[in-house]
Amino acid sequence: MDARGEARHKPRVGARYPDDGDAVARIRYRKRDRRDYRTRPTVTAVIPTLNEAENLPHVFRHLPNGVNELIVVDGHSTDETLRVTRKLRPDARIVLQDRRGKGNALACGFAAARGDIIVMVDADGSTDPAEIPSFIAPLIRGADYVKGSRYIKGGGSTDITHLRSAGNRALGLSVNLLFGTSYTDLCYGYNAFWRRCLPHLFVNCDGFEVETVLNIRAARAGLKVVEVPSYERDRIHGLSNLNAWRDGRRALAAIMRERFSRMPAPSDAWRPQFAELGDLHSAAPAAAAPAGVPALAVDAPPVLAPVAGAALGM
Ligand SMILES: Nc1nc2c(ncn2[C@@H]2O[C@H](COP(=O)(O)OP(=O)(O)OP(=O)(O)O)[C@@H](O)[C@H]2O)c(=O)[nH]1
Ligand SMILES: [Mg+2]
């Protein structure tokens, strides 16, 4: 027990904090948040978008204040996604992915991120940005990588179909057997981790298998992984980009690849050459914003200033 009477958990891979994600833990986090404000780490939310203009207002509205940097990674949307982003969140950084697929989009967003902590949030309204604090709390307490789970107490989904749920469970079981993890939800896109873990996660896949790869790499690298409950809602507007059979096969192939290949040595070699839309605060009216042409900066070196004082010492 520490000075505040909180139990100190020693998470193992796939373990979860018994008290994270519930109301008590959130309140405790908020109190601690206020007290430790000066040493709080900075948080970057990475949101991949492919034609999500109608859903973004909902997602932006529910982002908590503690998010210091917002990165929208667009995959060549043909709707108003970029214009809506500029209008509603002129402070957001808009990154244009260099290839196709959600995996490549996340890799570009991760490479652009400057916060101490990165949290991945979908743009279709199915992952609730208001849950972000319950992902951050275990990281502050010592976890390296926090994964959302729809299958533990407090989690759930109105979005997942029986077919996808069965596939997810089968793939998850395989991963648990092959990699000694005890994950309850493998293919879920709501995760958060310290940016310093990126060389280990080595995000070099392009498609929807990205969550599977991230979860396996976290385990193979020996990161402290914690699960927190998460509730997934239906996509608000538009159609899913995921195809259960095609993407299930991709995830299975990724599992096999991870099992029979050597783990990439931790490095920055995975970093894609993303492009970033230029000065979002420029005089150019939003209506005149091009739908996809970057005016551009490549890669993102400067470090984001912490909210106040020094970033949390790790
Ligand atoms: N930038 C980018 N984003 C993508 C791409 N494919 C999917 N996304 C985004 O990734 C998120 C998840 O994609 P969805 O199509 O909702 O897939 P899903 O959530 O796995 O499946 P559903 O449960 O059916 O919604 C959404 O925010 C998409 O806009 C892509 O190729 N590029
Ligand atoms: Mg979705």
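I started at S240: one of its polar side-chain atoms is 2.6 Å from an oxygen atom of ligand 1. I count a polar contact as a pair of N or O atoms within 3.5 Å. Ligand 1 on its own exposes 630 Å², and the protein buries 93% of that (Shrake-Rupley areas, 1.4 Å probe).

The model is predicted, so I note its limits: local features need pLDDT of at least 70, side-chain atom pairs count only at pLDDT 80 or more, and totals for chains, interfaces and linings use all residues. Residues run from 1 along each chain as written, chains are lettered from A and ligands numbered from 1 in written order, and side-chain values use heavy atoms without hydrogens or water.

Next I looked up backbone partners. A polar backbone atom of T49 lies 3.2 Å from a nitrogen atom of ligand 1. For G75, a polar backbone atom also lies 3.2 Å from a nitrogen atom of the ligand.

Then I listed the shell (a heavy atom within 4 Å). It has 21 residues, with E52, Q97, D159, S240 and N241 nearest. I sorted them into seven nonpolar, six polar and eight charged, with Gly counted as polar.

Last, the pocket. Ligand 1 sits in the largest one (more than half of its atoms within 2 Å of the grid points). I take a pocket as an open set of points on a 1 Å grid where a 1.4 Å probe fits, with protein on both sides within 12 Å along at least five of seven lines; lining residues have an atom within 4 Å of a point. Its space is about 1200 Å³. Helix 9 (244-260) gives the largest share, nine residues.

Conventions:
A polar contact is a pair of N or O atoms within 3.5 Å; within protein, one must be able to donate a hydrogen and the other to accept it, and residues adjacent in sequence count only if both atoms are side-chain atoms. Grid points are joined across faces, edges and corners, and a volume is the space filled by probe spheres set on the points. Helices (H or I, at least four residues) and strands (E, at least two) are DSSP runs, numbered from the N terminus.
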